[in-house]
Amino acid sequence: MSEIEKSISFNGRDIRLKVGLLAPQAGGSVLIESGDTAVLVTATRAQGREGIDFLPLLVDYEERLYAAGRIPGGFLRREGRPPEKATLIGRLIDRPLRPLFPQWLRDDIQVVATTLSMDEQVPPDVLAVTGSSIAVLLAGLPFHGPMAAVRVGLVGDDFVINPTYAEVAAGDLDLVVAGTPDGVIMVEAGANQLPEQDVIEAIDFGYEAVQDLIQAQRDLMTELGIQLVQATPPEVDLRLENFIRDRASEPIKAVLARFDPDKHSRDTSLDEIKESVAAAIAELPEDEPVRVAATEKPKALSTIFKSITKELMRRQVVTENVRVDGRKLDEVRPISCRVGVLPRRVHGSSLFNRGLTQVMSAVTLGTPGDAQELDDLHPDEQKRYLHHYNFPPYSVGETRPMRSPGRREVGHGALAERAIVPLLPTQADFPYVIRVVSEVLSSNGSTSMGSVCASTLALMDAGVPLVKPVSGAAMGLIKEGDEVRVLTDIQGIEDFLGDMDFKVAGTTDGITALQMDMKITGLPMTVIAQAIEQAKAARKHILEKMLIAIEQPRQELSPFAPRLLTIQIEPELIGMIIGPGGKTIKGITEETGAKIDIEDSGVVTISAVDGEKAKRARSIIQGMTRKLNAGDVYVGRVTRIIPIGAFVEFLPGKEGMIHISQLAEHRVGKVEDEVGVGDEVIVKVREIDNRGRVNLTRLGIHPDEAVAAREAAVA
């Protein structure tokens, strides 16, 4: 393939597409660039494996630290397990890409996006999403594209396409919109309590830019002479499907029409119908085509049964406006909340129930040294708020090996984190590192939004002064032809058999996080706007139930949470506090039992569960770093004696020497004649020499100065 380059500009920021340059053996490849950020995206197809009954699509996002001129940390000094950001970008690529492949496709498909170069102006994630569409088209795969993505930021009062990292950090919106010619297919957003109408306008603004990128892809394909591959489904023998449909349709319809809120009861009834159909197939003669088809494709019964159930469930919603559990389309399931559910050392906890979905969240308050160090391409070096989400198999009544968190767990934790971060107090007001762990104990839809609600309650229980409480709801969609129904607070079957999972989190003032995934090829803005507005009412209803459990953050932290004290020192004094080889700071820690963290800016954070220990450590550091002036008077204590004088600790951690000639007005023969170790003495700073040593005196101290020094020591 000859090298071809195309360029498209948004507000003076160019996106360049280069094909035919790199990775010639991949099915399709494109180098997509903006500024000094360059991402190579490839798509490769392999022959399908026997027995696969799903689309085997694998999407990988790879970060190379050489892209930012850095050498990886750790013992091996090479990239290892993908960092969390890379996992999230992999999901960001997968979510708009997967629905655009025909679901009957069984060939192995792998899309790999690798960041080869990166500046601190242009994030690579939306480039990788758009590049994945181009690579798939170049690979000649059946695909309902093109697809493209842009980021929308809010700079002042204006929306900006593909803002820089700095513009995102300074603004109140970080929105990624992906779309196709049919409409919006994916939304991912974090916002600072942005009103619903502003978010709707931002999505619409982003989708207009997406159209330009879609057209650029079409122009590229035309220039290369590549025709879009039409997705032609394989021929299907309908005899098995008709046999199952004849025997299962009415029983399934009867189960769905019971409007049973009990998921277990409904699932059991459906399983019994499927088993009865399987038994009917088994009674057929061995050479009967229906039985032969079922034998050759053992998973066909489950696939066809699911298809019939999906069809009947959706028809019931569209024609009767009633859901399988009897709820109205905009009705939220029953909610109950508790706080303080875990005893003793847990700093804050809660239990949130919505229908059969149950999430428990626990909060741990840590010191600045507990912040997570980030070793990835993102400009941020630390995280002080950590949100972890766990989804054990028992939460859905299943058994499976429990491994490290997968993409789903990482993604749901990141969404809940994004929803809460805008409401956290500033580091200056609340210097703790905060970790929240959400344990999904029972799942029947929308556990990520359950995590947002449970975590808000747990943070308030821990005494974290949130700006406002946050709640969230997941919206669903049933689209049959021109008929569209938006569902509030979807449960598992509605997510599984529906067309959309649209999670919306926020406060009473506005939205803090969005995540929309589609199973169809796109939605018009009118439907998206309806879903956002419908979610607003659901969020407020849920929040009212939450505030019954706890109305505002507790005024006192858990007695087991560390007490933090912060002081500001001159950065040049940091070395004095640390001491040679860390000797001084270790000594303070051993003496007081407090933990000490020092930032390069000179902010010193002292922590201890016992507040008095933290105060003692603070006093020592303040004493060590206090600026001394000749003539200052202090109350001190003699720490040691030498033949020519006595050493006195006159501030915590600060010593000076009284020369024997400065002990008394008269001539002193022996130091021990005037003072002993442990004696309290009033001293004045006589001078500070050029090596920083403090010389003290007991002479020339006015009685009023002595009284003031004693009062200051008591205070």
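Modeller: A salt bridge here is a side-chain nitrogen of Lys or Arg within 4 Å of a carboxyl oxygen of Asp or Glu. The model is a predicted one, and a search of the whole structure finds 43 such salt bridges.

The side chains of E417 and K383 meet at 3.0 Å, N to O. E417 lies in helix α9 (residues 407-420) and K383 in strand β15 (residues 382-383), so this pair ties together parts that are 34 residues apart in sequence. E417 is buried at 12% relative accessibility, and K383 is buried too, at 15%.

R258 and D260 form a salt bridge of 3.4 Å, N to O. Here D260 is buried, with a relative accessible area of 14%, while R258 is partly exposed at 41%.

The side chains of E655 and R640 meet at 3.8 Å, N to O. Strand β27 (residues 654-659) holds E655 and strand β25 (residues 633-642) holds R640, so parts 15 residues apart in sequence are tied together. E655 is partly exposed at 36% relative accessibility, and R640 is partly exposed at 40%.

Salt bridges also join into a network, which links R95, D125, R151, D174, E188, R418 and D517.

The interface of domain 4 and domain 5 is another matter: zero salt bridges are found across it. One residue pair is in polar contact there. Helix α15 (residues 611-625) gives the most to the domain 4 side, with five residues.

Terms used: Residues numbered from 1 in each chain as written. Predicted model: local features only at pLDDT ≥ 70, side-chain atom pairs only at ≥ 80, totals over all residues. Heavy atoms only, no water. Polar contact = N/O pair within 3.5 Å; in protein donor to acceptor, adjacent residues only side chain to side chain. Helix = DSSP H or I, 4+ residues; strand = E, 2+ residues; numbered from the N terminus. Buried < 20%, exposed > 50% of the residue type's maximum accessible area, 1.4 Å probe, protein only.
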